[in-house]
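Good morning, and thank you for making time for this presentation. Please keep the sequence and the model in view while I go through some of the local features.

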Amino acid sequence: MMEVEQLKQTMELMGINRVVVIDDKLNIDQQTIIDILNGQFDTPDFNIRLFVETLGYLIDDLKENEQFPPLLVKKISEHFPGVIKSEISELLVILSQIFEKESIFLFECVQPGLIIDSNTLLFLDYKIEGSQTSSEQFAHILAEKSTTDLNPRCIVFISNNNYFSIETERYDMFDYKRRTEYFRALRGTQTENYKNTVYDYISKGKMVTESDTYGELYKVFQNLYGSRKFFELLNCMEEILNKSSQAVMGKFHLLNARSIQDMIKEKVVEEGISAPTFLIQWISRHIAKKVEQHKETGNKVDRILREINEWTESYYETHEDIVLREILLSEMWEEVNERYLPVDFGDIYEIDYNNEKRRAILLTQTCTLAVRNNGKRTGRVAMLALEDKDKLGRKSAITLDDWKGEKITFDLDETVSIPISFLDLTSLNSDGKAVLNWVAGTPPFSCPDNVLWSEGYKLMMSEFTQETAEKLIRNNTRPMHQIDETYMPFTNESTSQAHKYEFPIKRLRRLDQQYSLYVFQSAQSWWGRIGLPVNVNFMDDYKETEGTINAHGAEYQCSFYIKRRLNDIVDVGISLDDFSRILGSIYEDDAPFIEALQPVLTKPELAHLHFTSGKKILSLKLNKTGLGFLASNKIYVKLVSENPCKVDLKVGKVSRYILDGDDISISVVDFVTDLSGSITLKVKKSLLEERKLTSYIERIEYKTNEIDGYGQVVTLSRKDKIFEYIIEKNLLRLHISLERLHQESAATAEIVHPVEDI
């Protein structure tokens with residue numbers, strides 16, 4: 001069977017040639033099978049000895065076996081339906097077709113000393129009754145031992161119960177996310193070597209039939225294969241890192257102590273960072289460069305990535321990867337409080353603002369915050385942008401995923417200034433609170449146990465805390481403290497044994513430098529914008545050319561403006577003056593409509609100024625707002641895809657309606673058209689009755705309804721079989737064309753429904 005061959009091929013690709021099944025219900029039908037083998041179910045039409053011999057077995061040998069071959073169990077089950085009731089018989093049958101007989105091992109409980117290597121697939125019942133070792137304990141035991149080739153072993157849990165638990169936490173294994181959380185929690189209770197195993201789950205209730213069992217195995221095998229390939233990729237990356245680290249450290253070993261000490265001193269003096277921080281960052285940068293230059297292993301990584309890409313195009317991995325989001329968030333955000341790191345660009349704070357707690361991001365640059373060796377910094381006041389959830393999606397806002405994976409939006413138009421010294425207090429405490437406390441009779445400053453403070457920062461904090469402590473002790477009048485002309489409230493929880501003063505500031509996290517720079521550049525762009533009545537393109541890279549606009553059956557010449565980047569067209573514009581002229585030509589005999597168009601065509605959001613010519617242009621690619629505004633006024637403009645200098649124009653307005661030479665405008669209402677060329681309109685039913693067309697209308701079931709002032713009207717559309725519709729400028733001509741209707745039977749006539757207004 002092709003299905004089994006696919007499973008077999010997947011196992012071969014993974015190097016798996018053995019399978020172990022551990023299930024306490026494995027031999028639930030043992031006695032029934034023994035009775036059948038002893039002839040108790042023989043009939044004149046059935047002889048068990050002949051039956052097993054046709055399968056290639058000897059009955060005497062089978063009676064001596066502790067376990068029965070899955071194929072035998074399957075064939076007996078088929079002959080005696082309802083007698084054999086094994087929970088995993090279909091699984092065993094398929095496994096017997098994938099693996100050789102001598103490579104299939106079946107156990108009712110965990111066997112002492114059982115080894116599961118990377119070449120073995122283990123199906124493990126979640127609850128094994130009567131076993132001294134539980135399934136989870138066995139998973140722990142396996143995790144303590146590496147596989148011989150360092151490839152991960154594969155374990156598939158099987159159970160009738162879809163709820164697994166670890167301590168008091170229950171996990172629904174039918175929920176992909178909760179299933180992944182269970183496997184993660186299982187690994188978390190194991191040793192650091194947990195990465196040597198990949199897990200999956202199949203419900204026994206989904207292995208009742210052969211086709212269902214195959215479907216479950218197919219998904220699981222693909223998941224396991226994908227995990228194996230990913231482990232191979234990570235092993236390659238680990239190899240690159242190890243080799244690169246060794247190469248870089250080999251070069252650094254050639255340095256002498258004096259040369260590296262001079263280098264560190266120079267950087268510390270110039271940039272105000274601690275010596276350990278500089279050295280760690282310096283060596284890490286060299287390792288990162290070396291990793292990128294590692295060609296041989298890089299080619300291997302490229303090969304594995306291509307294999308993974310090919311696999312993911314063919315198969316869908318059903319696991320919910322909750323760890324990926326955590327990795328991405330940990331890349332964006334840094335926990336700084338427990339390391340007592342000094343204040344820096346990108347720090348996120350919680351502050352009291354207008355009697356409510358607001359989060360804010362520090363947008364003062366590192367060079368302003370840096371403290372030199374003399375204990376001084378160039379800046380004194382920090383600028384923070386406040387969080388505002390209501391500004392989500394605004395141009396003035398920056399929205400990020402916070403460290404919990406939830407959206408956080410900072411408003412660049414709502415900023416506050418706070419003396420940096422108040423923020424410095426948060427670096428004294430592991431919880432990030434701006435608290436100054438010390439034991440009575442001792443100095444107020446005690447440097448945290450953190451080597452990543454520069455000498456200059458230590459000096460500044462010592463002087464600042466001493467000065468602040470003295471002022472706070474003298475302040476007995478009101479709970480406000482002044483720094484750099486700014487007053488900050490505080491709470492005093494001091495006792496005779498200890499002093500404690502807390503300010504309403506708390507540092508939460510730090511945004512990674514690259515993301516902080518993105519926020520800063522966005523802020524600079526927003527703050528540096530120039531307000532103009534229209535957008536002016538100072539680059540002046542729109543090049544003028546001639547093009548055509550197709551509108552209502554006619555073709556009009558128009559000035560087009562093409563903007564390119566390299567060889568790609570990034571925008572196409574048309575002259576608004578030409579556009580207005582064309583509309584005026586179409587509706588030249590409809591003065592009220594032309595007058596109504598003027599405020600539409602002079603809206604500022606339509607205009608983009610071509611700086612050299614001084615002409616206003618309508619952008620057809622970048623100005624979605626302008627095109628949307630025109631569409632709301634039933635003016636539809638669309639570029640012809642194959643020609644950047646050709647535009648289709650439709651206006652949802654017709655001034656007059658002519659039916660075979662007669663003006664029927666007073667009998668028509670609710671005309672609608674769009675860029676696709678569809679047309680609908682409502683016509684008085686009495687008009688159709690006068691022309692003896694009602695029978696045809698009723699025949700193909702046009703919708704009839706009542707409109708005040710018009711009476712009964714019939715909704716017609718371009719899809720009907722009665723009229724031809726021709727738009728000439730602002731005129732709609734309807735020609736009776738009953739020939740087509742006569743050529744088709746009533747059975748095949750279309751049923752047309754009214755098209756809603758756009």
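Let me begin with a question: where is the place of K634? K634 sits in the loop between α20 (624-632) and β25 (635-639). Helices here are DSSP runs of H or I with at least four residues, strands are runs of E with at least two, and both are numbered from the N terminus.

Before going further, a word on the basis of these values. This is a predicted model, in which local features need pLDDT of at least 70 and side-chain atom pairs count only at pLDDT 80 or more, while totals for chains, interfaces and linings use all residues. Residues are numbered from 1 along each chain as its sequence is written, and side-chain values use heavy atoms, with hydrogens and water left out.

K634 is not a glycine, yet its phi is positive, near 65°. With a relative accessible area of 30%, K634 is partly exposed; buried means under 20%, exposed over 50%, and partly exposed in between, with a 1.4 Å probe and protein chains only. N354 also has a positive phi, of about 50°, without being a glycine. N354 lies in the loop between β9 and β10, and at 61% relative accessibility it counts as exposed.

I turn now to the interior. A nonpolar core is a set of buried Ala, Val, Leu, Ile, Met, Phe, Trp, Tyr and Cys residues joined through side-chain atoms within 4.5 Å. The largest such core has 34 residues, of which Y349, L362, L384, L423, F503 and I505 touch the most other members. Elements giving two or more residues to this core include β9 (347-353), β10 (356-362) and β18 (498-511). The largest share, 6 residues, comes from α16. Apart from this core lies another, of 32 residues, among them I16, C154, V156 and L224.

Finally, a helix pair. Helix α9 (residues 210-252) packs against helix α11 (residues 275-293) at an angle of about 125°, with the axes 9 Å apart. The axes are lines fitted to C-alpha atoms over the stretch in contact, and angles run from 0 to 180 degrees between N-to-C directions. The two helices α9 and α11 are therefore oblique to each other: under 35 degrees counts as roughly parallel, over 145 as roughly antiparallel, 65 to 115 as roughly perpendicular, and the rest as oblique. Contact, meaning heavy atoms within 4.5 Å, involves residues including I240, L241 and F252 of α9 and W282, I283 and V291 of α11.
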